[in-house]
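The sequence and structure are shown first.

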Amino acid sequence: MQKVYLDNAATTKVSHEVLTEMLPAFNEVFGNPNSLHSFGREALNLVDKARDRVAAGINAERGEIYFTSGGTEANDWALLGLAMANKAKGNHIITSQIEHHSVLESCKRLENLGFEVTYLPVDETGLVDIAELLHCINQKTILVSVMAANNEIGTIQNLKTIAKIAHEKDVIFHTDAVQALGSFKIDVKDLDVDAMSISGHKIHAPKGVGALYVKKGVKIDNLIVGGGQEKGKRGGTLNLASIVGFGKAVETTVRDYTINNKKLKSLRDYFVSRVKEEIEHINVNGHNHQRLPGLASISFNFIEGESLMLLLDMAGVAVSTGSACSSGDLQTSHVLKAIGLAPEVAQGTIRFSFGTNNTKEEIDYVIEVLKKNVAKLRQMSPLKAKRVRK
Ligand SMILES: Cc1ncc(COP(=O)(O)O)c(C=O)c1O
């Protein structure tokens, strides 16, 4: 059976270049970077090189990069650490309704600790309501956290505008750039962000490694104490091989992003135009052009996305749903709800996320499988029957 992977926003394959760079760090240069002997020093050189590569990829300084276990940890740390370290100034935090759960759940924790959180609404394309940001930012606000690009619909936010508004009020600005890294040029100085979360496995590094960028001079509480690693802020023996891989992945992603994104956009646009031509009653979610090049979120009316996802999986095609069905409750995605999709439309939403290894032939195959299975599900759909009877 043909297998087609269209779930690169969930995770990506480790690239050959990254793997080659990592291999010696398992059994040749295997020292603990904290050890003072030559084995330790050799390992530390690799960590330094990786840190330099990550820093160079986002135009930061080496000392502003703290390695973490990934984007979730970086987001949790940013929200909790920045809020706690700056609470003397105020207790108000601003984020958006469409953030990743790691940001939203951290905000809930902060609310339980007595902080006030404003969740900014977004328009139907997923762009944060700037007027609302201007309206609610106040003397007590200490942190604004808005993601660079959304993981479900791909909308890219106007980060510079948001940073400017935050800084005019002397408020710290954090962004979750996990999906954005590699999709467009991220220059922390130009964007003027104070803290930024990134992750390895979305850019062909292994899972379980990422980083938090914290601008020099910005106060943040320690995350893990004991051990003294990462300048005492995030203790624990460093994940050497993964950090080496992450450094290489940032370097290659930034090096190749123009050519890769052109390819991704052309594959995505070809796919979307064929879906529009060949399947009726669909809508494409997210911003028309301010959108990740390799992502398409499509709602197939009258069907349940999870059933479609499973049928596609049986035909070898891997995608994600925009909604999750848990313990018998149909839970609509908070992102699709925030952009105003009706629950029954949100339920029929699938996220297709392309990789540079995908081919036009694979997309042709996916279109055939999609057409067949959408038609099959619609035949049995009570929603469709109801509409026909009307
Ligand atoms: C926007 C966004 N933020 C954070 C994360 C979490 O990153 P990680 O999987 O590295 O913990 C993800 C993962 O899907 C994401 O898409």
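In this predicted model, helix H4 lies across strands E2, E3, E5, E6, E7 and E8. The helix runs at about 165° to E7, a strand that spans residues 195-199.

**The sheet**

The strands belong to an open sheet of seven, ordered E2-E8-E7-E6-E5-E3-E4, and the pairing is mixed. E2 (65-68) and E4 (116-120) are the edge strands; each has a single partner strand, so one side of each has no neighbour in the sheet. On average, and ignoring direction, neighbouring strands are turned by 20° against each other. E3 (residues 92-96) and E4 run parallel and are joined by five bridges. Ser96 has Leu120 in E4 as its bridge partner.

**The ligand site**

Which helix gives the largest share of the shell around the ligand? That share, three residues, comes from H4, residues 71-85. In total, 14 residues surround the ligand, and the closest are Gly70, Gly71, Thr72, Asn151 and Ser199. By class, the shell holds eleven polar residues, two nonpolar residues and one charged residue.

**Helix contacts**

H4 also packs against helix H5, and elsewhere helix H9 packs against helix H13. The geometry of the two pairs is listed below.

| Pair | Residues of the named helices | Angle | Axis separation |
|---|---|---|---|
| H4 and H5 | H5: 101-112 | about 30° | 9 Å |
| H9 and H13 | H9: 240-278; H13: 360-379 | about 30° | 10 Å |

The angle makes H4 roughly parallel to H5, and their crossing is right-handed. On the H4 side, the contact is made by Gly71, Thr72, Asn75, Asp76, Leu79, Leu80 and Ala83. Their counterparts in H5 are Ser102, Val103, Ser106, Cys107, Arg109 and Leu110. Sorted by class, the residues of this contact are six nonpolar, five polar and two charged.

The crossing of H9 and H13 is right-handed. H9 contributes Leu267, Tyr270, Phe271, Arg274, Val275 and Glu278, which meet Lys360, Ile363, Ile367, Leu370 and Lys371 in H13. The residues of the contact of H9 with H13 comprise seven nonpolar and four charged, with no polar ones.

How values were computed: Residues are numbered from 1 along each chain as its sequence is written. This is a predicted model: local features need pLDDT of at least 70, side-chain atom pairs count only at pLDDT 80 or more; totals for chains, interfaces and linings use all residues. A residue is near a molecule or strand if its C-beta atom, placed from the backbone, lies within 6 Å of it. Helices (H or I, at least four residues) and strands (E, at least two) are DSSP runs, numbered from the N terminus. Ala, Val, Leu, Ile, Met, Phe, Trp, Tyr, Cys and Pro count as nonpolar, Asp, Glu, Lys and Arg as charged, and the others, Gly among them, as polar. Axes are lines fitted to C-alpha atoms, for helices over the stretch in contact, and angles run from 0 to 180 degrees between N-to-C directions. Angles under 35 degrees count as roughly parallel, over 145 as roughly antiparallel, 65 to 115 as roughly perpendicular and the rest as oblique. A crossing is left-handed if the near helix is turned anticlockwise from the far one by less than a right angle, and right-handed if clockwise. Two residues are in contact if their C-beta atoms, placed from the backbone, lie within 7 Å. Two strands pair if DSSP finds at least two bridges between them.
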